[in-house]
Amino acid sequence: MQFITNLLTKIDELVWGLPLICLLLGTGIYFTCKLKLLQLTKLKLAFSCIFKKQDNDEGDVSSFQALCTALSSTIGTGNIVGVATAIAAGGPGALFWMWVSAFFGMATKYAEGLLAIRYRIKDENNQMAGGPMYYLERGLGSKWLAKIFAFFGVAVALLGIGTFTQVKSISDAMELSFNVPPIVTAVLLTITVGFITIGGIKRIANVAEKVIPMMCILYIGGVVIILITHFNLIPQTVVLVVHSAFNPQAALGGGIGITMTMAMQKGISRGIFSNESGLGSAPIAAAAAKTDSCVEQGLVSMTGTFIDTVVICTMTGIAILLTNSHTSGLEGAAMTTQAFSNGLFIPMIGKYIVNIGLIFFAFTTIIGWNYYGERCMYYLKGLKAIPYYKFIYIVFIAIGPFMSLEFIFILADIVNGCMAIPNLIGLIGLRKEVIVQTQAYFTDEEVINQDELVYD
């Protein structure tokens, strides 16, 4: 097993090397510049679009439900476990690189959401089907890239973000907080997820729109208390984050063994694991939204990265650093649990906030990614393959609690990176359409169709 883990670590370092990091950041930087800091100047408008009534427009769910479905797959172990593992492996500076990936990732997520609506279609069940596989084929004209994306989309659902990482985290939290054996967790999860996912996108969206806001309020409330009680330490903690992002040895002392490259790699990869900007998953949910404006849905999609990383991941990271939990030698959820236990007045409250939050966040990620994988499988093999996919998905949930946390996070990193590459190629190839559609919307011009686009 150790040999396989070491091999996967080497592959992970290769996939998440400098080329992919540059591609991710470069795509975000390009859209940030060409769209004139849209993630800042239009952020208020983006939040107002979330609750805009568009019941008569085509789509399966409201923009708010589509956002909650996307958030259900992003707000999960990445916000609680992923931040802790990034800081453990890359030092406090990893949090800075998570901020960088989130800032530019907002522009990337905007482009993904826009293209999702632009190229969505209706399937045989009269449901919306969209995402990178459709804008790669119908917009970029590359069916083989679309199939590569869909293949890795299924792989991420089954082997990456969708099952193992979430199920293992839930199992650990249940055992730590309530002494529930992993086998019991596996059975309960399998039955519950099976019931919800059989109901399709509408049932998933209904669960997500109720659970996600409630858990965000509970979790953020706990962090706010920690920030208030440690207010005087916040400035020096922010300085530590920025300093160690560029010079971790000087910030943390010699012999730590953490380099700037490690901080950057862990921060960006865990940031992408958490907010999924550039990964291509969120546009699959965005495509189901009831809207007649691809630009407005792009703005709504953009807020997902802000909520996930700029708000929740930042709060988790700062709480860990304020309480010095990053020096405890603990990993994953245990590190975040210690931060809440040390930071709140009653340690037991902190323990339950983290672990209950982790259980619900991870659970919604499971059901959200089931939908993503289902849409990718539909693209590859049609409706006939969906029952087989769902069966395998549920089986993988059952075995998730018995796998190694280190192994499954490395595996998740690899398939995430492989999924991102064709999506980023599509975003770059369709960059001019994103710009033209955006300019047309904000100048009150008629939205331009693909056949009418003329570039210099």
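**Reading charges and burial**

A: A positive surface patch is made up of Lys143, Lys147, Lys381 and Lys384. The model is a predicted one.

Q: Where does lysine 143 sit, and how is its accessibility classed?

A: Lysine 143 belongs to helix H9, residues 143-159. Its relative accessibility is 46%, so lysine 143 counts as partly exposed, given that partly exposed lies between the 20% limit for buried and the 50% limit for exposed.

Q: How many salt bridges does the structure hold?

A: A salt bridge is called when a side-chain nitrogen of Lys or Arg is within 4 Å of a carboxyl oxygen of Asp or Glu. The structure contains seven of them. In one, arginine 118 pairs with glutamate 433, with the closest N and O atoms 2.8 Å apart. Arginine 118 is in helix H7 (residues 93-118) and glutamate 433 in helix H22 (residues 431-442), so this pair ties together parts 315 residues apart in sequence.

Q: Are arginine 118 and glutamate 433 buried or partly exposed?

A: Arginine 118 is partly exposed at 21% relative accessible area, whereas glutamate 433 is buried at 1%.

Q: Which residues does the salt bridge of lysine 122 join, and where are they in the chain?

A: The side chain of lysine 122 meets that of glutamate 58 at 3.4 Å, N to O. Lysine 122 is in strand E1 (residues 121-122), while glutamate 58 is in the loop between helix H4 (43-50) and helix H5 (63-74); the two are 64 residues apart. Lysine 122 is partly exposed, at 41%.

Q: Which residues are linked in a network of salt bridges?

A: Asp123, Glu374, Arg375 and Lys390 are linked in such a network. Within it, lysine 390 and glutamate 374 have their closest N and O atoms 3.5 Å apart. Lysine 390 lies in helix H20 and glutamate 374 in helix H19 (residues 347-381), 16 residues apart. Lysine 390 is buried at 15% relative accessible area, and glutamate 374 is buried at 8%.

Q: What can be read for the region that UniProt annotates at residues 14-33?

A: An unreviewed UniProt entry places "transmembrane region" at several segments, including 14-33 and 176-199. In the model, residues 14-33 are 90% helix and 0% strand, with end C-alpha atoms 29 Å apart. For residues 176-199 the values are 83% helix, 0% strand and 31 Å.

Terms used: Residues are numbered from 1 along each chain as its sequence is written. This is a predicted model: local features need pLDDT of at least 70, side-chain atom pairs count only at pLDDT 80 or more; totals for chains, interfaces and linings use all residues. Side-chain values use heavy atoms; hydrogens and water are left out. Patches are made of residues with over 30% relative accessible area and no salt bridge: like charges are joined within 9 Å, nonpolar side chains (Val, Leu, Ile, Met, Phe, Trp, Tyr) within 5 Å. Accessible areas come from the Shrake-Rupley method with a 1.4 Å probe; for residues, only the protein chains shown count as cover. Lys and Arg count as positive and Asp and Glu as negative; His and the chain ends are not counted. The place of a charge is taken as NZ of Lys, CZ of Arg, CG of Asp or CD of Glu. Helices (H or I, at least four residues) and strands (E, at least two) are DSSP runs, numbered from the N terminus. Buried means under 20% relative accessible area, exposed over 50%, partly exposed in between (1.4 Å probe, protein chains only). UniProt positions are given in the numbering used here, feature names are shortened, and annotations may be inferred rather than shown by experiment.
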